[in-house]
Amino acid sequence: MLIPLTQETFDQVVPVIATGAQYSYAWGKVYNLLARLLISLLIVVSIWIVGLIFGHGAQGVELVCFIIGGMYWLWCPVYVASVRNRQYRRFPYVGFWRGEVLDIFITEEVINETQQADQFGRLVVVENIERRINLEVGDRQGFTAVVQAPVQKTYKAIRPGMVAEMLLFSKNAELERVDKLSDLHLPELDLWVGDYPVVRRDIFRDISNEFGSPIPRRRRQPTPSSRRLR
């Protein structure tokens, strides 16, 4: 099943401003918070020093800058998530897709690389490796794609044949060529799989219910098709 969505529905399910789930994602870990707090402190100190040098003539403007800079640690995740949302909202066409899980496998991916000195003082490259779950999904028309996410304990319940739902983003009105995928929803478990929570989940569930019961499981493998993830 692939059903194009109206612009109004698109705006609701992928909002401009970050949702709660997106804010939590952009909030990051403790070291991300500490880094933002440090930046906030540096901004406030910089504004104070500039005020000392050039005087405090525009106290109202200075107060606003203090508030904005001091609260950087709080509003920064909203900005980061909103910027990421624009990467999806730039596509003019989006469709609601429903298929099933075809295969599940685990891979190890290099997240980043850092340089450290060994015992002899030589710089060596250290790779930060993360285990990731890969879900291959497909439908009766032959569309297939792979959705990745960091491994979580809750993913142990996922099995091939389960119904899978997501949004497909495209520059083509017929959605024949898919440019981007949203996170994947497994309605049987009410579980979400993906790197980033693209959709507003309550609206997505409403869309899923509007289009009726999930499709029955297939027993045959999909055949090749022109509608592929680029």
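Me: Which two domains is the protein chain divided into?
Reply: This is a predicted model, so local features need pLDDT of at least 70 and side-chain atom pairs count only at 80 or more, while totals for chains, interfaces and linings use all residues. Residues are numbered from 1 along each chain as its sequence is written, and side-chain values use heavy atoms, without hydrogens and water. With bounds from an automatic or database domain assignment, the chain splits into domain 1 (21-90) and domain 2 (91-212).

Me: How far apart do the C-alpha centres of domain 1 and domain 2 lie?
Reply: The two domains are in contact (heavy atoms within 4.5 Å), with ten residues from domain 1 and eleven residues from domain 2 taking part. Their C-alpha centres are separated by 31 Å.

Me: What is the volume of the largest pocket?
Reply: A pocket is an open set of points on a 1 Å grid where a 1.4 Å probe fits, with protein on both sides within 12 Å along at least five of seven lines; lining residues have an atom within 4 Å of a point. Here, 25 residues form the lining, and Tyr25, Lys29, Glu130, Pro150 and Asp195 are the closest to the centre. Domain 1 and domain 2 each give at least three residues to this lining. The space filled by probe spheres set on the points comes to about 770 Å³.

Me: Which element gives the largest share of the lining of the largest pocket?
Reply: Helices (H or I, at least four residues) and strands (E, at least two) are DSSP runs, numbered from the N terminus. Among the elements giving two or more residues are helix H3 (30-54), strand S2 (93-117) and strand S3 (123-138). The largest share is four residues, and the element supplying them is H2.

Me: Which element gives the most to the lining of the second largest pocket?
Reply: This pocket has a volume of about 230 Å³. Its lining has 14 residues, with Tyr88, Val147, Leu181, Ser182 and Asp195 nearest the centre. Helix H5 (72-89) and strand S6 (180-181) each supply at least two residues, but the top contribution, three residues, comes from S4.

Me: Which residues touch the most other members of the largest nonpolar core?
Reply: A nonpolar core joins buried (under 20% relative accessible area, 1.4 Å probe, protein chains only) Ala, Val, Leu, Ile, Met, Phe, Trp, Tyr and Cys residues through side-chain atoms within 4.5 Å. Leaving aside residues up to four places away in sequence, Val193 touches Ile133, Leu135 and Tyr155, among others. Of the 21 residues in this core, those touching the most other members are Met166, Leu184, Leu186 and Val193.

Key:
Buried < 20%, exposed > 50% of the residue type's maximum accessible area, 1.4 Å probe, protein only.
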